[in-house]
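Please keep the structure in view while reading.

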Amino acid sequence: MLEYTNPWTGGPVMPTVSCRIQRLVPGFRGAARRHTAGAILHAVRGEGTTIVDGQEITWGEKDIFVVPSRARYEHVNSSKSEDAVLFSYSNEPVVRALGLYREELL
């Protein structure tokens with residue numbers, strides 16, 4: 001996962017929004033996790049599934065979906081040959097500034 005940063009401050013791209021991009025290699029299955037920040041994700045390339053609180057969200061290139069705050073989620077790239085790329089926007093900087101950010105690997 002790569003986090004975009006403000007080149008002048010080294011912090012998030014905006015005071016209230018962080019942006020990240022992640023590459024899911026073929027066969028990737030991420031560890032289940034949850035955190036107190038919400039995220040909007042955009043599928044840049046490939047296709048896969050994100051399991052959010054037990055509900056499967058199947059996505060493909062150009063799809064947009066949400067992982068709400070405190071929701072348990074995991075990303076899966078079931079392709080055996082193609083990478084998948086997800087770009088995300090998150091309210092994590094605000095949640096951190098308020099001292100409310102928590103993250104848990106499940």
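Two strands are said to pair if DSSP finds at least two bridges between them. In this predicted model, E4 and E9 meet that condition, as they pair in the antiparallel sense over 6 bridges. Within the pairing, Ala 39 stands opposite Ser 90 of E9. In general, the strands of a sheet pair through backbone hydrogen bonds, in either a parallel or an antiparallel manner.

E4 and E9 belong to an open sheet of 5 strands, in the order E1-E2-E9-E4-E7, with antiparallel pairing. Strand E1 (2–4) and strand E7 (64–67) form the edges, each pairing on one side only. From one strand to the next, the twist averages 25°.

The largest nonpolar core comprises 12 residues, among them Leu 24, Trp 59, Phe 65 and Leu 86. E4, E7 and E9 each supply at least two residues of this core, and the largest share, 3 residues, comes from E4.

Which residues lie nearest the centre of the largest pocket? They are Met 1, Gln 22, Arg 33, His 35 and Tyr 73, out of 21 lining residues. Strands E2 (18–24), E3 (33–35), E4 (39–45), E8 (73–76) and E9 (84–90), together with helix H1 (92–97), each give two or more residues to this lining. The space in the pocket is about 350 Å³. The table sorts the lining by class.

| Class of lining residue | Number |
|---|---|
| Nonpolar | 8 residues |
| Polar | 7 residues |

Key:
Residues are numbered from 1 along each chain as its sequence is written. This is a predicted model: local features need pLDDT of at least 70, side-chain atom pairs count only at pLDDT 80 or more; totals for chains, interfaces and linings use all residues. Side-chain values use heavy atoms; hydrogens and water are left out. On a 1 Å grid over the protein atoms alone, a cavity is a set of points where a 1.4 Å probe fits but cannot get out, and a pocket is an open set with protein on both sides within 12 Å along at least five of seven lines; lining residues have an atom within 4 Å of a point. Grid points are joined across faces, edges and corners, and a volume is the space filled by probe spheres set on the points. Helices (H or I, at least four residues) and strands (E, at least two) are DSSP runs, numbered from the N terminus. Ala, Val, Leu, Ile, Met, Phe, Trp, Tyr, Cys and Pro count as nonpolar, Asp, Glu, Lys and Arg as charged, and the others, Gly among them, as polar. Axes are lines fitted to C-alpha atoms, for helices over the stretch in contact, and angles run from 0 to 180 degrees between N-to-C directions. A nonpolar core is a set of buried Ala, Val, Leu, Ile, Met, Phe, Trp, Tyr and Cys residues joined through side-chain atoms within 4.5 Å. Buried means under 20% relative accessible area, exposed over 50%, partly exposed in between (1.4 Å probe, protein chains only).
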